[in-house]
Amino acid sequence: MRHLLAIAAALLPGLAAPSDLVGPETCKACHPAAYAAWREGPHARALESLPERSRADRRCLSCHAPAAEAGLAGVGCEACHGPGRLYAARFVMRDAELARALGLVVPGEKGCLGCHTESTPSLQRFEFERKVKLIGHGEPRAAAGAPSGPPAR
């Protein structure tokens, strides 16, 4: 069984498609506090933060609305946690190892740096340790700044 999970985990990143996204409303069903924190935070409003002229520019959308093709505005849960079609089921999320094997990403600094780069327009340099606290949504953070397990239920 572990070998099958390892193979599935290795293949998932290359197989993710817009149809693999479940959307923030699905996540909200089990994670209402995390959803509420996200909804009030900057990632939910990332598309709105762009000037109107930039809201159709693919270069901007890749970070400000990465799932725009799937009809999702802003930076939703799955932009950081991976497409949820396979791991979103409650029985999967109850098993942290299984959830990760089926695509749940435990975000860390490296993931953030995909969008928060030196060339990102900002008034301040991106500092992961400081910024990650601003988007926290109910999970205790490990020393490295990543959640210690799957999002809270």
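**Close-up views of a predicted model**

Cys-63 is partly exposed, with a relative accessible area of 23%.

**View 1. The disulfide of Cys-63 and Cys-115.** The structure holds one disulfide, and it joins Cys-63 to Cys-115 with an S to S distance of 2.4 Å. Distant parts of the chain are linked here: Cys-63 sits in helix H4 (residues 58-64), while Cys-115 lies 52 residues away in the loop between helix H8 (109-112) and helix H9 (128-134). Cys-115 is partly exposed, at a relative accessible area of 29%. The angle about the S-S bond is -95°, a left-handed link.

View 2. Look next at Cys-77, which is in no disulfide; its nearest cysteine sulfur belongs to Cys-27, 3.9 Å away. Cys-77 is buried, with a relative accessible area of 18%. For Cys-80, the closest cysteine sulfur is that of Cys-112 at 6.3 Å, so the two are too far apart for a bond. Cys-80 is partly exposed, at 30% relative accessible area.

**View 3. The aromatic pair in helix H3.** Here is the structure's one aromatic pair. The ring centres of Tyr-35 and Trp-38 are 5.5 Å apart and the planes meet at 50°, so the pair counts as tilted. Both residues belong to helix H3 (residues 32-40), three residues apart, or about one turn of the helix. Tyr-35 and Trp-38 are both buried.

**View 4. The largest nonpolar core.** Seven residues make up this core: Tyr-87, Val-92, Met-93, Leu-98, Ala-99, Leu-102 and Leu-104. Leaving aside residues up to four places away in sequence, Val-92 touches Leu-86, Tyr-87, Leu-98, Ala-99 and Leu-102.

How values were computed. Residues are numbered from 1 along each chain as its sequence is written. This is a predicted model: local features need pLDDT of at least 70, side-chain atom pairs count only at pLDDT 80 or more; totals for chains, interfaces and linings use all residues. Side-chain values use heavy atoms; hydrogens and water are left out. A nonpolar core is a set of buried Ala, Val, Leu, Ile, Met, Phe, Trp, Tyr and Cys residues joined through side-chain atoms within 4.5 Å. Buried means under 20% relative accessible area, exposed over 50%, partly exposed in between (1.4 Å probe, protein chains only). Contact means heavy atoms within 4.5 Å. Rings of Phe, Tyr and Trp (its six-membered ring) pair if their centres lie within 6.5 Å; planes under 30 degrees apart count as stacked, over 60 as edge-to-face and the rest as tilted. Helices (H or I, at least four residues) and strands (E, at least two) are DSSP runs, numbered from the N terminus. A disulfide is a pair of cysteine sulfur atoms within 2.5 Å.
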